[in-house]
Amino acid sequence: MSDHSSALSGEWTIHSIAQHRESVLPLLDMGTTEVDVSGITELDSAGLQLLLALQRGLARRGLELRLHPLSSSVRDVLNLYGLDATLHPGAHEEQR
């Protein structure tokens, strides 16, 4: 599989997660590993679960998901759950 990149945006909350599921499935099929999440304006645990599902699906194929750049909403949730280093390798170098 090749190294593809894509961008995600909008509110990734329980209220809108069904529509975002449809945008994530093709990323998995294409083997997308680089995902720009700077356009995600709101993220809750439902949105995080979908991103983790993408990560697991890629890992089963031997690929690593990298989220960058991060919106402040995504950064806050990743930090809250202790996943910043898991889904955003290099996050520690970016911190001020």
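Which residue does the side chain of Glu22 meet in a salt bridge? The partner is Arg21, and the N to O distance is 3.5 Å. The legends below take this pair and other details in turn.

**Figure 1. Overview of the predicted protein chain.** This is a predicted model, in which local features need pLDDT of at least 70 and side-chain atom pairs count only at pLDDT 80 or more, while totals for chains, interfaces and linings use all residues. Residues are numbered from 1 along each chain as its sequence is written, and side-chain values use heavy atoms, with hydrogens and water left out. The protein chain has five helices and three strands; helices (H or I, at least four residues) and strands (E, at least two) are DSSP runs, numbered from the N terminus. The order of the elements from the N terminus is β-α-β-α-β-α-α-α. Of the 96 residues in the protein chain, 41% are buried. Buried means under 20% relative accessible area, exposed means over 50%, and partly exposed lies in between (1.4 Å probe, protein chains only). Among contacts (heavy atoms within 4.5 Å) with a separation of 6 or more, 76% link residues 24 or more positions apart.

**Figure 2. Confidence along the protein chain.** The predictor's confidence in each residue is given as pLDDT, from 0 to 100. Its mean over the protein chain is 87, and 88% of the residues reach 70 or more. Residues 91-96 have pLDDT below 50, and this stretch has six contacts in the model beyond near neighbours in sequence. Where pLDDT is low, the predicted coordinates should not be read in detail.

**Figure 3. The largest nonpolar core.** A nonpolar core is a set of buried Ala, Val, Leu, Ile, Met, Phe, Trp, Tyr and Cys residues joined through side-chain atoms within 4.5 Å. The largest one here has 25 residues, and those with the most contacts inside it are Leu8, Trp12, Val37, Leu67 and Leu78. Two or more residues come from each of β1 (4-12), α1 (17-30), β2 (32-43), α2 (45-60), β3 (66-70) and α3 (72-80). The element that gives the most is α2, with seven residues. Leu67 is in contact with Val35, Val37, Leu51, Leu78, Leu87 and His88, leaving aside neighbours within four places in sequence. In soluble globular proteins, nonpolar side chains tend to be buried together.

**Figure 4. Leu48 in helix α2.** Leu48 lies in helix α2 and counts as buried, at 4% relative accessibility. Residues up to four places away in sequence not counted, Leu48 touches Leu43, Val77, Leu78, Tyr81, Leu83 and Leu87. Ile17 is 31 residues from Leu48 along the chain, and their C-alpha atoms are separated by 9.9 Å.

Figure 5. Ser73, Val74, Val77 and Leu78 are buried in α3. Seen down the helix axis, these buried residues fall within an arc of 125 degrees, so they line one face of α3; the arc is that of the directions from the axis to the C-beta atoms. Ser72, Asp76 and Leu80, on the other side of α3, are exposed. The cover over the buried residues of α3 includes β2, α2, β3 and α4 (84-87). After α3 comes Gly82, whose phi is positive, near 70 degrees.

**Figure 6. Ser73 beside Thr41.** Ser73 lies in helix α3 and is buried, because its relative accessible area is 19%. Its side chain reaches the backbone oxygen of Thr41 at 2.7 Å.

**Figure 7. The salt bridges.** A salt bridge is a side-chain nitrogen of Lys or Arg within 4 Å of a carboxyl oxygen of Asp or Glu, and by this rule there are two. One joins Glu22 and Arg21; Arg21 is partly exposed, with a relative accessible area of 44%. In the other, the closest N and O atoms of Arg66 and Glu64 are 3.6 Å apart. Glu64 counts as partly exposed at 45% relative accessibility, and Arg66 does so at 32%. Side chains of opposite charge can pair when their charged atoms come close.

Figure 8. Arg66 and Ser5 are 61 residues apart in sequence and 9.5 Å apart in space, C-alpha to C-alpha. The peptide bond that joins His68 and Pro69 is cis, with omega about -15 degrees. Most peptide bonds are trans.

Key
Polar contact = N/O pair within 3.5 Å; in protein donor to acceptor, adjacent residues only side chain to side chain.
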